[in-house]
Amino acid sequence: MKKFRKVLDGLTTSSPGGTLGSPSYSSAAGTPTASTPREIDVQETLVSENFQLCKTVRHGFPYQPTALAFDPVQKIVAIGSRTGGVRILGRPGVDCYCHHETTAAVLQLQFLINEGALVTACADDTLHLWNLRQRRPAILHSLKFNRERITFCHLPFQSKWLYVGTERGNTHIVNIESFVLSGYVIMWNKAIELCTKTHPGPVVHLSDSPKDEGKLLIGFESGTVVQWDLRMKKVDFRIYYDEAIHSVSWHHEGKQFMCSHSDGSLTLWNQRNTARPFQITFPHGKIQKDGRKESCKPILKVEYKTSRNSEPFVIFSGGLSYDKAGRRPTLTIMHGKAITVLEMDHPIVEFMVLCETPYNNEVQEPYAVVVLLEKDFIVVDLTQSNFPIFENPYPMDIHESPVTCTAYFADCPPDIIPILYSIGAKHKKTGFSQKEWPITGGTWNVGSQTYPEIIITGHADGSIKFWDASAITLQMLYKLKTSKVFEKPKPGEVRGGDLVEEDPYAVQMVSWCPQSRIFCVVGISAHIILYRFSKYEANTPIVSLEVRLQCDTEEVLSPSETENQPCSPEPGSHSPVQASPGSGASEGVKDSIPCLKVKERPVRVPPGYQAELVVQLLWVDGEPPGQITSLDINSAYGLLAFGNSNGLAVVDYLQKTLLLCLSTLDLYGAADPYQRLTRSPRKNRQSTSDFCMRGLSSFYSDSKKRIRTSYQSLTELSDNQQSVDMERSKSPTSVHYPPPSLHSEGRMPRGDPAAAPRASPCSPVFHLLDNVKGPGRKLSLPTDLKTDLDHVNGHCTSPTSQPCSAGKPRIPIGPEGSRLARRGPGRPPFRKAQSAACMEISLPVSHTEGHTSRRAMLQQLHGVSMYSHDEHHSPAAYCWSEKAESRENSFSRSRSSSVSSIDRETKEAVTTLQFGESYGRKGDAQPTPCLWVGTSLGVVLLIPMSVPTEEEERLEEPVTIGPGGAVLLMKGSILRLAFLDLAGAIIPGPHEVWRDPNGPEDPDRPRRRKLINFSPWSSQDGCAEGHLAVVCSERQAKVLLMPSQACLFVHNITESSFVLRADVVTACNSVCLACFCANGHIMTLSLPSLRPLMDVNYLPMTDMRIARTFCFTNGGQALYLSSPTEVQRITFSQDMCENLQEMLGELFTPIETPEVQNRGFLKGFFGGNAQNLDREELFGEASAGKASRSLAQHIPGQVGMEGMKAAAGGVVGDLARARIALDERGQRLGELEDRTAHMMTSAETFSKHAHELMLKCKDKKWYQF
């Protein structure tokens, strides 16, 4: 039991509603601010040994695939990618991801069939041997070619010698067991005729003859094909063709082979006559009027497979004619005279025909075709005439539309997954093959530590997908389309209020309450959709609520205007208020119009999630609505709160009314922590509609195109180096917004008495300068605030900040200085937030460019526009006076970038919201419903509310919202708010128990709202009151004691970077604070003491896609989008890391190799059987010698063969190896028995024929012969 003594101290309070004092900070661990007479006993059980970071599983489609391989005995498939990754798939649940140390692309994959090993050939000319007989594959050997580039590899079945073709046209042979080169080399000049004057080109094909293993077929790119006799070391025959060769495929008898060419032709060659092809076909080439064949695209690959009961299959990709542009990629299946063309949605990377036998000299009997596309993976059923595809059991369609946001929920209610699956199963696609999925390799069992988990993904087309993520698997449960709520624009119609040209329904944020099944979606077009779940179909109208949440537009002042005018409200100023239904836009200026149009007629919706309310932000005076940056919903209160860069709004979704709509400055009331000075109202209003309308669509489309082009540097978003340099002068701990010139009144809709006391008759904008003392200006910063800000950055790197002597900074004077805080006529057009779709910008985070990186990251992370008034001023525009006033000591010698950012950021954004039972004021004895608000300037505000508890009163009486105040100041934007009881356990938010809104009424049991309320004092023994509030910002974490609002612990999380994601989660039966920083570090802190428990540098570089999709959940788990098509799940729990091995699937299972088909005596007698080759005698060191050391370098794996055996050891491994040895011994005995039986049969046959011949000739005379 650890006892923490805290103080309920006398922190200075600037308002009755909150305290703004800051304790002393510590960079090592959470530090108590003082001692307290009362003891808070919290038993912290977490220690550093409870945490270990590791990857668990990767879901989705392999990003940028390049290669494909299949093991016909183990029935597993491997997919290589351009970034060096390999995905190995078996039956559902068997899914393994492994990655090479380098990021070189995987060129080719070769399974050691039924041996539990895989060979990969990479673009850096390196061969790797992977051991698959363990749950996490590892590299055993690597072979690096130094002087030649690898182009093609071939490994014969049941052989340990790998043929490697190179770009120079040579063929090398590698021993798989030792992974060293043989001295046997087939040089290109030995393969071609001596009279040939040109190089044959790289090797594009290698295969051994089905008839004789000692014959190797070598295909060169130029069109030359050579059959090499391995025993005699000479050429059997050569064939020449005018067109380049792409692939070669044998007939199983070894007498014919087929080639595909670059002109779209297929040539069939017979070994009896190699002078000319036996047959030439152009499958898709039509004869033109002049008698010539039309030109066709290359046939990239062909497979020639035979069947016992039908005609052979010829399957190839490509070969279409050039006559039609934009035709889809195709896979053609020729079966006899029938030709079937299968159109694909994406380009074909590779395909492979699955056959019943692994032997190439037997009838193949193809039953399926695996097709690897650029963005999909399909399997075609060849056993049915219409060639249907199999239903893919893997979650390969995560990227069906680009993923824009994710949410992860662990330990969900157990009934939610079955009901979502039952609803989603009704909308599944049909027309799939009725047969089972043919890739059935490996074994997988549900682990012991399993609980319901759900992953939610939001997409660029407005769709939402619910996934069952239990037991480290992923299966889609239910799909929801948010675009069905809105009217589709007619062809050619362009809505005047559209924010974006593409993806107007893109999902930006989701909020889900699993207990009440209330679901909220935030879209990029500044809209929020509230859904309720129902098992019944409904036909109801959708209620639309329009909100004006926009600060007053800025105006242009002439330099002669004074700044000491008295504060007076301007009649034309705009406050964030609810729009009237009949409001419209004046000609040429967009005003009071939403971005999208909600369907007005009743909509028939199927069972599942049904839209109930749509909240839309409106255009105001030509200014588009700011994108929503924060959202929270509480089903027990029936309230929905959201905020953006302009302010905060609270909606009562039960009564469909707007309760609160205020700018952020209005939330402070008289307790503004920055004590900003007044600014005079601006008289000459300048219309901003022109540049708003001009800059919106162009910026979005250009930015989106930049984002979607693969990984670019972030500096490309700036127009010139000057803007980049100016960016570096901005604060790295605060979000930058345009400073409004005039504070707008807090008007509320009529009939809403709750917010009336909050609106002041004169509430001007306060403008914070750098502690400047001048005529008519006085700035007074709280002492604690100065300490906070001084610790944010050490020096300012702005090119406009010149060194000053004696620690006195210079400040601009005169007209130039007075215009610094205003937007002049030359301010660039409005810059809208970028689309949430396909965030693929590489974003290295370093000390040198931390300012620019952080600003750009936050600009996309929060979905808001961040502009500073001085971003586009040249350095010459700043005039510095030598008569500068002195600063406070805390800001000496350099212009603090933090303070300079605050003076520009009077327009602060709401970054996080949290409903909960808390204490609205210090003197409160019992908790009440409250709304905690966190802003981008690091301020935490607390707003108490009064919510009727009875159902009848709740639907009739209004919810009242009392005046709140600032509670806390932090470094950086507020990211997370959470509540703990005095025992250190998480206090779940109050919620409503789900009830079906469309269910049938029961007269005996009327439906009533059932609320579950978790009060902070309900879990205590009655002797203690209050609770703990955990607040995490980009730089700090603090723990407060409520209701005294005393800071108990504080911890500086990072000084060199900033936190992107933070959450309070459960791990190892306790609670901790998990943080993900922009520099790639993942940290955990104990609660409530904020002791560092884990700090791992997980990602050396981070990008916007990871930043937007990274999320933590209970159980010590997290996930992020590792690529545009893949979701990576990780864990930082030691318990789960230890149990991970039993949760993963086994890739290799001991299976007896199929026996060779008995071809009969006559075929064997007349030479039909394949001739065996002793490759060891031919390629071994004794006969072939050693290869040149400079040709290739052997690199041992991270764990050698002995290490692999030890890693795969244990009783299970020993039993498996013993079983394999027994199987191999039994196989050899079986082969010996077959050979003995074959010899006996031959002897009996010979004896029979000899006896018949003897009887026939017995009675004949000599002259009768």
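1. Among the contacts in the protein with a separation of 6 or more, 66% are accounted for by residues 24 or more positions apart, where contact means heavy atoms within 4.5 Å. This is a predicted model, in which local features need pLDDT of at least 70 and side-chain atom pairs count only at pLDDT 80 or more, while totals for chains, interfaces and linings use all residues. Residues are numbered from 1 along each chain as its sequence is written, and side-chain values use heavy atoms, with hydrogens and water left out.

2. On confidence, the mean pLDDT of the protein is 76, and 69% of its residues reach 70 or more; pLDDT is the predictor's confidence in each residue, from 0 to 100. Over residues 677–853 the pLDDT is below 50, although this stretch has 465 contacts in the model beyond near neighbours in sequence. Residues 1018–1023 also stay under 50, and for them the model has four contacts beyond four places in sequence. Where pLDDT is low, the predicted coordinates should not be read in detail.

3. As an overall picture, the protein has 17 helices and 69 strands, these being DSSP runs (helices H or I, at least four residues; strands E, at least two) numbered from the N terminus. Of its 1265 residues, 57% count as buried, a term that means under 20% relative accessible area, with exposed over 50% and partly exposed in between (1.4 Å probe, protein chains only).

4. The largest nonpolar core holds 36 residues, of which Ile456, Phe466, Phe519 and Tyr609 touch the most other members; such a core is a set of buried Ala, Val, Leu, Ile, Met, Phe, Trp, Tyr and Cys residues joined through side-chain atoms within 4.5 Å. Helix H2 (residues 416–425) gives the most to this core, with five residues. Apart from it lies another core, of 29 residues, among them Leu617, Leu640, Tyr653 and Cys661. Leaving aside neighbours within four places in sequence, the residues in contact with Tyr609 include Leu420, Phe466, Trp512, Phe519 and Phe533.

5. An open sheet is formed by five strands in the order E36-E37-E38-E42-E40, with mixed pairing, where two strands pair if DSSP finds at least two bridges between them. Its edge strands, each pairing on one side only, are E36 (507–513) and E40 (543–547). Strand E37 (residues 518–523) and strand E38 (residues 527–534) pair in the antiparallel sense over five bridges, and Val522 stands opposite Ile528 in E38. Helix H2 packs on the sheet, touching E36, E38 and strand E42 (608–617), and its direction makes about 95° with that of E38; axes are lines fitted to C-alpha atoms, for helices over the stretch in contact, and angles run from 0 to 180 degrees between N-to-C directions.

6. Helix H12 (residues 1134–1143) has as its buried residues Gln1134, Met1136, Cys1137, Asn1139, Leu1140 and Met1143. These buried residues pack against strand E4 (51–60), strand E67 (1117–1123) and strand E68 (1126–1133).

7. Two single residues may be set side by side. Lys215, placed in strand E18 (residues 215–220), is buried, with a relative accessible area of 16%. Not counting residues up to four places away in sequence, Lys215 touches several residues, including Asp208, Trp228, Asp229 and Asp236. Ala275, by contrast, is found in the loop between strand E23 (266–270) and strand E24 (279–281), and counts as exposed at 66% relative accessibility. Ala275 and Ile239 are 36 residues apart in sequence and 6.5 Å apart in space, C-alpha to C-alpha.
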